[in-house]
Amino acid sequence: MTALTGERAVTAPSAAPRPWGTARTVLRLHRTALLLWVAVVAGLSGWLVWLTLVTAPAERAAIDCGGEDFCDSTVPGLGFSTPVGWIGTLVAYAFLAVAAFAGGALIGREVESGTAHLAWTQSVTPARWLAAKLAVPALVIAGGATVLVLVFRWSWHSDPNLMFEEWSGAAPFLARGPATVAYALCALAVGALAALLLRRALSALGVSLAVMGLLNLALTRLRPSLWPQVHRTSATVVVTPEHAWVLDEGALVHGRPRTGVPYWNCGGAPAAARRCLDDLGVTGYYASYHPQSHFWPLHLVETAAVLAVAALATAAAFTVVRHRTR
């Protein structure tokens with residue numbers, strides 16, 4: 001703003017940007033995505049509540065059959081277990097949608113169109129722009145993911161007898177704890193970094209999806225080794241605890257673990273069975289597994305690993321912005 005005083009023009013300093021101005025801008029620009037996310041969280045949570053309070057009691061009644069000798073019903077539990085399993089899959093892998101949104105719409109589109117550079121030169125510093133672009137969606141995404149995890153855990157544990165999938169399954173393993181939130185935040189950071197490096201919305205979208213998919217695949221394969229396994233050997237067949245995640249089991253041949261030994265064919269009289277086992281060289285049995293109590297150690301170690309990747313990606317994104325605007 002310029003004011004004339006005699007012959008001299010005095011330029012008044014422009015007002016500093018309001019602290020929450022950039023955050024409000026982010027919310028306004030991406031209100032459609034925000035409303036869609038709120039609708040997804042509300043819809044899935046409501047569905048889980050319905051399944052738990054309405055469908056599950058009906059399933060239990062179908063199993064009990066009111067004390068009748070014959071039950072004229074379909075396979076019990078499918079009406080509850082199947083939809084809850086699908087919801088768990090959507091909750092566990094929602095981070096893929098977050099990666100696509102971050103790489104394509106949140107950062108990629110503005111960098112590609114030049115809107116980001118215009119904002120950097122006129123109204124807000126690059127670091128502050130990126131901080132708002134990451135912090136506002138992070139709060140919204142983390143809040144929604146936390147609600148979904150809590151409701152899913154409540155539904156999952158409401159009647160374990162109706163659930164056919166074990167705790168070690170890929171989707172329920174993620175959907176019942178903070179790893180879901182960690183993956184979502186990591187996807188946000190990876191998407192932002194990809195967009196800043198590639199400067200193309202579509203390319204950043206594809207790369208973000210690929211990176212997050214590979215990260216999840218790698219950690220899924222490493223998951224059994226994220227916490228020490230329980231190893232047991234016995235002269236008789238090892239009986240693992242109920243709901244244990246069995247990783248390996250078999251026979252000890254001359255004291256060494258071997259898989260694929262057909263010891264189950266050695267039946268009949270005890271003496272005949274013993275001769276059969278001796279012919280195979282079987283001297284005992286072994287099993288390696290994670291009991292159900294290992295869920296939280298395994299889950300929290302994976303959560304920490306994903307958050308570490310998220311922190312590295314966030315730091316790299318700020319470094320890229322700083323170098324690009326020098």
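Analyst: Start with Val 253, which faces Val 282 in E6. Before going further, a word on the basis: this is a predicted model, where local features need pLDDT of at least 70 and side-chain atom pairs count only at pLDDT 80 or more, while totals for chains, interfaces and linings use all residues. Numbering runs from 1 along each chain as its sequence is written, and side-chain values use heavy atoms, with hydrogens and water left out.

Back to the strands (E, DSSP runs of at least two residues, numbered from the N terminus). Strand E4 (residues 245–253) and strand E6 (residues 282–290) run antiparallel, joined by eight bridges; two strands count as paired if DSSP finds at least two bridges between them. They belong to an open sheet of four strands, ordered E3-E6-E4-E5 with antiparallel pairing. Strand E3 (230–234) and strand E5 (256–258) are at the edges with a single partner strand each, so one side of each has no neighbour in the sheet. On average, neighbouring strands here are turned by 30° against each other, direction ignored; the axes are lines fitted to C-alpha atoms, and angles run from 0 to 180 degrees between N-to-C directions.

Now the packing. A nonpolar core is a set of buried Ala, Val, Leu, Ile, Met, Phe, Trp, Tyr and Cys residues joined through side-chain atoms within 4.5 Å, with buried meaning under 20% relative accessible area (1.4 Å probe, protein chains only). The largest one has 65 residues, and Trp 129 and Met 212 are among those touching the most other members. A second, separate core of twelve residues includes Val 282, along with Tyr 263, Leu 277 and Tyr 289.

Definitions and conventions:
Buried < 20%, exposed > 50% of the residue type's maximum accessible area, 1.4 Å probe, protein only.
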